Amino acid sequence: MKPHSRIPAMVLAIGLTCLSACTLLPEDEPARPGTGFQIEMQEVQRPDILSREGPAARSSSQSGGMWGVVSGLRTSEQVLVENTENGKTVSIPLYSGPTGGGGIILRLSRSAADELGIEDDPVPIRMTAVRIEPQLIQP
């Protein structure tokens, strides 16, 4: 066995030892459920990454699924889109592509437009990037 191939096994053994030590309680102290911290993955709005407002329109494309397209996007983003007229929201992946002009800042798939209540006419929206981030939940 090569010397460097033992490193991952040693790291794993140390990690498991540490984890098992974390769960040990004194014999006279019973475990109490719900007294520890929990970590929950939550969708967090990140306007510092992307935030835009303006008219959105329904796509004429037959492509299925939930998605949106904006011009000039450097990388794909997950965004929360809010129809500012009715308050409905949807979380969708956002891609770079043509929006069709006419002042439209966002072109939505038919499914996403349906969720937001957008029919044939453009509707004002607000979109904000979101990230799935760990959140510490205290007892």
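Is glutamate 53 buried, partly exposed or exposed? With a relative accessible area of 56%, glutamate 53 is exposed (buried means under 20% relative accessible area, exposed over 50%, partly exposed in between, with a 1.4 Å probe and protein chains only). The legends below concern a predicted model, in which local features need pLDDT of at least 70, side-chain atom pairs count only at pLDDT 80 or more, and totals for chains, interfaces and linings use all residues. Residues are numbered from 1 along each chain as its sequence is written, and side-chain values use heavy atoms, with hydrogens and water left out.

**View 1. Glutamate 53 and arginine 126 form a salt bridge.** The closest N and O atoms of this pair are 3.4 Å apart (a salt bridge is a side-chain nitrogen of Lys or Arg within 4 Å of a carboxyl oxygen of Asp or Glu). The two residues belong to distant parts of the chain, glutamate 53 in strand β2 and arginine 126 in strand β7, 73 residues apart (helices, H or I with at least four residues, and strands, E with at least two, are DSSP runs numbered from the N terminus). Arginine 126 is partly exposed, at 32% relative accessible area. By the same rule, the count of salt bridges comes to six.

**View 2. Arg46, Asp48 and Glu133 are joined in a network of salt bridges.** Arginine 46 meets the side chain of aspartate 48 at 2.7 Å, N to O, and that of glutamate 133 at 3.0 Å, N to O. Aspartate 48 counts as exposed because its relative accessibility is 58%. Arginine 46 is partly exposed at 25%, and glutamate 133 is partly exposed at 22%.

**View 3. Strand β4 pairs with β5 and with β7.** Strand β4 covers residues 77-83, and five of its seven residues are buried. With strand β5 (residues 89-96), β4 pairs in the antiparallel sense over six bridges (two strands pair if DSSP finds at least two bridges between them). Valine 79 has isoleucine 92 of β5 as its bridge partner. β4 and β5 form a hairpin with five residues between them, and glycine 87 in the turn has a positive phi of about 80°. With strand β7 (residues 123-137), β4 pairs in the antiparallel sense over five bridges. Here the bridge partner of leucine 80 is threonine 128. In a regular strand, side chains alternate between the two faces of the sheet.

**View 4. Isoleucine 104 lies in the loop between β5 and β6 (106-108).** Isoleucine 104 counts as buried because its relative accessible area is 12%. Apart from neighbours within four places in sequence, isoleucine 104 is in contact with Pro55, Ala56, Ala57, Thr99 and Pro122 (contact means heavy atoms within 4.5 Å). From isoleucine 104 to proline 124 the separation is 20 residues in sequence and 9.4 Å in space, C-alpha to C-alpha.

**View 5. Phe37, Ile39, Met41, Ile132 and Leu136 make a nonpolar surface patch of about 590 Å².** Patches are made of residues with over 30% relative accessible area and no salt bridge; like charges are joined within 9 Å, and nonpolar side chains (Val, Leu, Ile, Met, Phe, Trp, Tyr) within 5 Å. Accessible areas come from the Shrake-Rupley method with a 1.4 Å probe, and for residues only the protein chains shown count as cover. β1 and β7 each supply at least two residues of the patch. Isoleucine 39 is placed in strand β1 and is exposed, at 63% relative accessible area.
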